Each structure stands twice: as C-alpha cells, then as structure tokens.
Amino acid sequence: MSLRSAIEGVGSALPKRIMTNADISKIVDTSDEWIVERTGIKARHIAAEGETTRTLAVEAARKALDHAKLAPGDIDLIIVATSTPDKTFPATATQVQADLGVTTGAAFDVQAVCSGFVYGLTIADNFIRGGQAKCVLVIGSETFSRILDWNDRTTCVLFGDGAGAVVVRASTGLGTNQDRGILQCQIHSDGRYVDKLHVDGGPSTTKTVGHLRMEGREVFKHAVTNIASVMAETIAKAGLVPADIDWFVPHQANRRILEGTARKLGISEDRIVITLDQHGNTSAASIPLALDAAVRDGRIKKGQLVLMEAMGGGFTWGAVLARF
Ligand code: ACO
C-alpha cells in the first residue's frame, strides 16, 4: 500500500466585471481581430474595488470544500499560489485561513508565477506522501489587472483576474498508475531568464508594486519547448504514453502555445480544456479555473487521467498527472 493525494473537490471564483477585447481597444491601440488571432483571448474578468486575491481565493476555497463535502476544520495545510498578494506580508494563505476560521495546521504562499498552481500541488503531494499533512487546500488566486501597465498593449491584453482551488486528501493506493490521485509531479526552473518576464518593482528595490514586463517572443519560444518536454517527461515517468491521457488541462496563456505543444505530442484538440477565450491568462489561477469548468460540466469524470502543466516567470515550469 502507498499514500496517494486524491483530488476530492474543485472550486473557482471570477470577478463579476467582464472586459471584452472591444473594451480594451478603447484604452490602447489594439483590436479584437489582433488579440483573437495572436492569442485566442476574447474576454477576461477584472476585479472591482474590494474584490481581491484574498476574497477570490476564499470564494474558490469554500466551493472546493463544498464539492469535497468537507469542512474548513478538516484542512491541515493551505497553500496559495499567487504573484499578486493582498499585502507584501503576511501570506495570503494565512488571510484565507483566517476567513475560513481555521486555527490549526499551517498556511503559506508559493511564488512561481504562472506555474504556481503546479508547484503548489507538487508541494501538497509531497507533504501528504511524507505524512505531514492529510488534507490540503491548494489555491491559485490572482489579480493581475493590478500589476498591468494599461498603456502597454503588448501585455495588458493578455491577462485577467480569478481564482481556483482544489482539496487534496490522503488516500491509499497500490502504488501503480491505476491508483486514484496524483501519480507524478515534475517541477523545473531556470533563473537565467528572470528578466524575460518580470515585474519592475518590489519592496526591497523600488518600494513600489511595479508593472509586468515581458519579452513576448522569447517567452513564447521557451514556453512551447519547456512545456512539451515536461509533459513528455511526466507521462513517461508514470509509465504511460500521451494517448493514455484523457484530458489535458494546461495553463491558459495563449492558444498558439497550446496548439504548438499539442502538435509536438500528437494530442488532438478535443482533449484539451480551453478557457482562455473567456478568462485570458489568470496566471496561477488558470489551471484550477479550467479544471473546475471541466469537472462541473461533466467532461472530466472519476477515474480519468488528467495532465496539468504550466510555464511562467523565472522561468518556472512543471506538470502534474492525476487520476480523478
Ligand atoms: N494590438 C495590436 N498590435 C500589437 C499588440 C496589440 N495588443 N501588441 C503588439 N502589437 C504589435 C507589435 O507592436 C508589433 O508591431 P510591429 O510589427 O509594427 O513592430 C506586431 O504587433 C507584432 O508584435 P510581436 O510581439 O512580434 O507579436 P507576436 O506574434 O509575438 O505576439 C504575443 C505577441 C501575443 C505577446 C506573443 O509573443 C505571445 O503570446 N508570447 C507569449 C507570452 C505569454 O503568453 N505570456 C504569458 C506569461 S508566460 C506564460 O504564461 C507561458
């Protein structure tokens, strides 16, 4: 028998306000046609005043707990993946802990930008398999609209706000790839590329929050290569081939990145969950938002194999393979 981390519940939260490409074209010199053709994005949700990374995270967490039929008191670890915390400190995870009324266990944030959710799940799986946690909330929550330069058309059209959460609980399996739960996690980073996608401010340098800056073409090039490679690595380590995977739930950055990686691995598009047309890139929140959509509309069923993967600033990248 071996310990496994089973995904028991999913939930998500989106700000009420929707900003379409037509709305953005009133702010910067762009068009619906350009954005759709280059990215696949049609609309994104933008947080209003009072809607924050913390409030979105709490809403997603409550829905995931309801879905898992668990109570906040069952949770012994809360991990929030975010690059847009409510405050420099304390961790957003501890703020979520307070709002959920949890006073035991531990809570901390993970900073791996768009790969944050994959990093968070990997940490949760290691805590569970190491016997240090039994029931973990992993949340990706972001308000990237607050760090965008709304005069820079090369970046402000790409991102949106939102949150997604999963409850991961210790279960037992046989240690084979037929088990329910997380079967494989792989995370990587390469700090040589820290300047390719970054925020130009921070408490210890400018003492400001700063704005997102990106060399889009460079990011694009590395994204397709790194994502395809970590997907192949993760599937192979589980003793499987791409054709065995039922659903691919990728980080939702750009439709052309998804198509490029799918082509490299020979994956047909009808097995990829795509929400970026309506959400844009919500960084660490994008995978659990897409996962929630596909679980709730019945596409992802119990027993199916799901591969989640992401790449983000750093660069960081990784993949998690789980049987639902
Ligand atoms: N509207 C209209 N024109 C624009 C816009 C816009 N919003 N943005 C750029 N342009 C113009 C440029 O100024 C340029 O004009 P020029 O030829 O006169 O100089 C032209 O469009 C082409 O610009 P490129 O940057 O070469 O366009 P590209 O095809 O590379 O697309 C994009 C840009 C969409 C950013 C692409 O590089 C990309 O998707 N990169 C990946 C970035 C990404 O997804 N980052 C997310 C974070 S990392 C992650 O999540 C994986």
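Predicted model: local features only at pLDDT ≥ 70, side-chain atom pairs only at ≥ 80, totals over all residues.
A crossing of two helices is called right-handed if the near helix is turned clockwise from the far one by less than a right angle.

**How α3 sits against α4**

- Two packed helices are described by the angle between their axes and the distance between the axes.
- For helix α3 (residues 53–68) and helix α4 (residues 92–100), that angle is about 55 degrees and the axes are 9 Å apart.
- α3 and α4 are therefore oblique to each other, neither roughly parallel nor roughly perpendicular.
- On the α3 side, the contact is made by T53, R54, A57, V58, A61 and R62, while α4 brings in T92, Q95, V96, D99 and L100.
- Sort the residues of this α3–α4 contact by class and you get 5 nonpolar, 3 polar and 3 charged.

**How α7 sits against α8**

- Helix α7 covers residues 216–237 and helix α8 covers residues 255–265; their axes come within 9 Å and cross at roughly 40 degrees.
- What is the handedness of the crossing of α7 and α8? The crossing is right-handed.
- From α7, the residues that meet α8 are F220, A223, V224, T225, I227, A228, M231 and A232.
- Their partners in α8 are R256, I257, G260, T261, K264 and L265.
- By class, this α7–α8 contact has 9 nonpolar, 3 polar and 2 charged residues.

**Around the ligand**

- How many residues surround the ligand? There are 23, and the closest are T30, R38, R153, H251 and N254.
- T30 has an N or O atom in its side chain that is 2.6 Å from a nitrogen atom of the ligand.
- R256 turns up again here: besides meeting α7 as part of α8, R256 has a polar side-chain atom 3.4 Å from an oxygen atom of the ligand.
- N281 also takes part, with a polar side-chain atom 3.3 Å from an oxygen atom of the ligand.

**Backbone spots to look up**

- F89 and P90 are joined by a cis peptide bond, with omega about 0 degrees. You'll find P90 in the loop between β4 (77–81) and α4.
- Another cis peptide bond runs from G314 to F315, where omega is near -10 degrees. F315 is in the loop between β12 (305–312) and β13 (316–323).
- K207 isn't a glycine, yet K207 has a positive phi of about 60 degrees. Look for K207 in the loop between β9 (197–199) and β10 (212–214).

Definitions and conventions:
Residues numbered from 1 in each chain as written. Heavy atoms only, no water. Axes fitted to C-alpha atoms, helices over the stretch in contact; angles between N-to-C directions. Helix = DSSP H or I, 4+ residues; strand = E, 2+ residues; numbered from the N terminus. Contact = heavy atoms within 4.5 Å. Nonpolar A, V, L, I, M, F, W, Y, C, P; charged D, E, K, R; others polar. Near = heavy atom within 4 Å. Polar contact = N/O pair within 3.5 Å; in protein donor to acceptor, adjacent residues only side chain to side chain. Parallel < 35°, antiparallel > 145°, perpendicular 65-115°, else oblique.
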